[in-house]
Amino acid sequence: MAVCVLSIVLIFASHRLHWLDDTRSVLLSIATPFYWLADLPARLGNWGGDTLVSRDTLLDENNALRAEQLVLLAKLQKLASMATENVRLRELLNSTALVQDNVLVAEIIGVSPEPLNHYVVVNKGSKDQVFIGQPVIDAYGLFGQVIEVSPYSCRVLLISDSNHAIPVQVNRNGVRAIAEGVGLLYELELSHVAATTDIEEGDILVSSGLGGRFPVGYPVATVRSIIHDPGQPFLSVKVTPKAHLNRSRHVLMVFKGQPEKTSAGLDGSSVASQDKTSVGEEKQ
Amino acid sequence: MNSGGGGGLILVSFLLALFLHIIPLPYELRWARPEWVSMALIYWIMAMPQKVGIGVAWVLGLLLDGLEGAYLGQNALSLSVLAYITLVLHRRIRVFVVWQQAFVVFVLIGIQQLLCNWTQSLQGGMAQNLMFLVPALISALLWPAMLVMLRGLRQNFGLVKPI
């Protein structure tokens, strides 16, 4: 009985009062070895796959990667000049300088065992200056944000969690919306989209930077279906997240960078993601 | 009775259960994760109620909360309730045949899942249908294997059931 009361007090304390936020960081430190161990078989499998691969396969892979790198470098050249031009134009318009983000590569070591909570545990923590609220991306789009930090790991809430919402804008025309998670890995919903809004299937949504938590311009999702029910006050817009929420092994923790003066220090990852956006736009 | 070794075996089985609880599953099987910790807890309370009780369940629950990042106390509460009901019923559960035990396990873990689900609704993530009972069903189906394995281990380590 006493134990029940104590538990209920604890639940209340963590729900309403946020007394236990420090305790949870300690608990995450305790949990980290478990996640590390649970991840071990997968890591051993990867290691075995890497080690026991034949020379021909390696050579093929090497060639493919080299070709891909060539293509990416070519695109980067074009992008660098465009970025410089952009900075110049912004200076002409007296608007604020572009901010270049730095990233830290991290590895996912655990996923949520609860079907209704979407988060992953990542192997970077406060020792690597990871902080609560930090945005996380993968190679394809925005992934989530950090909600708990321990010295050597952190918990990242995915954008598909039902507690998560992210301000976005349509890449085509800048229409703003909020993409909310609904607890499904392959689906988000746009909330309160007026029936007259200019939004189409296939539109790419990028983070708008409103709210100040996520940086501007990272791809978030593509619009999958728009249903206009005249009985409802708003459109029902379902979108598919761009990030591979279920498959990524490596993610990038984004640190807000310094305002950029020249385009020399273009960061590879954000270039790649911005590039993807523009590629996607061309496809439409 | 060999108390030191018994404690070690129980501890190891609980650690293993915690470890199995967070092992990654494919997205399609996300509801099919057996409640390893609850099953181990039910077995050990049933077999050795003088060693494993509500206190152990509560500590285990706190550990689970830490692993899941849930509200502190969510699993502690549900596992304590589970432990209490099992303690009350343990003499009866012991004399049941396996399939009857499996049914009791289904009901117990179902109650535990229900409590977890209610607490989770505070966070906004509540199951919309009865899917949250699937882990209880899977656990009940796995109960015979769990029983044989843990019983074998217990007898191997010479731990005697008290009357």
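Buried area is the accessible area (1.4 Å probe) that two parts lose on being put together, summed over both. By that count, chain A and chain B bury about 3200 Å² between them, with 68% of it on carbon and sulfur atoms. Please keep in mind that this is a predicted model, where local features need pLDDT of at least 70, side-chain atom pairs count only at pLDDT 80 or more, and totals for chains, interfaces and linings use all residues. Residues are numbered from 1 along each chain as its sequence is written, chains are lettered from A in the order in which they are written, and side-chain values use heavy atoms, with hydrogens and water left out.

**The interface of chain A and chain B**

- Chain A brings 34 residues to the contact and chain B brings 37 residues, where contact means heavy atoms within 4.5 Å.
- Ile11(A), Phe34(A) and Leu116(A) supply 19% of the area that chain A buries against chain B, more than any other three residues.
- On the side of chain A that touches chain B, the elements giving two or more residues are helix 1 (2–17) and helix 2 (21–51) of chain A. Helices (H or I, at least four residues) and strands (E, at least two) are DSSP runs, numbered from the N terminus.

**Chain A as a whole**

- Chain A holds 4 helices and 12 strands.
- Of the 284 residues in chain A, 40% are buried. Buried means under 20% relative accessible area, exposed over 50%, and partly exposed in between (1.4 Å probe, protein chains only).
- Among contacts in chain A between residues at least 6 apart in sequence, 61% join residues at least 24 apart.

**Salt bridges**

- Over all chains, the structure holds 9 salt bridges.
- Arg172(A) pairs with Asp198(A), their closest N and O atoms being 3.4 Å apart. The two sit 26 residues apart, Arg172(A) in the loop between strand 6 (165–170) and strand 7 (176–184), and Asp198(A) in the loop between strand 8 (187–194) and strand 9 (204–207) of chain A.
- Arg172(A) is partly exposed at a relative accessible area of 34%, and Asp198(A) is partly exposed at 38%.
- Lys238(A) meets Glu187(A) in a salt bridge (3.9 Å, N to O), and it links strand 11 (residues 234–241) with strand 8 of chain A, 51 residues apart.
- Glu189(A) also forms a salt bridge with Lys238(A), at 3.1 Å between the closest N and O atoms. Glu189(A) lies in strand 8 and Lys238(A) in strand 11 of chain A, so this pair ties together parts 49 residues apart in sequence.
- Glu187(A) counts as buried because its relative accessibility is 14%, whereas Glu189(A) counts as partly exposed at 29%.
- A network of salt bridges links Asp39(A), Arg43(A), Glu107(A) and Arg249(A).

**A buried threonine in chain B**

- Thr86(B) is found in helix 4 (residues 74–95) of chain B, and it counts as buried because its relative accessibility is 0%.
- Not counting residues up to four places away in sequence, Thr86(B) touches Ile42(B), Ile45(B), Ile93(B) and Leu108(B).

How values were computed
Salt bridge = Lys/Arg side-chain N within 4 Å of Asp/Glu carboxyl O.
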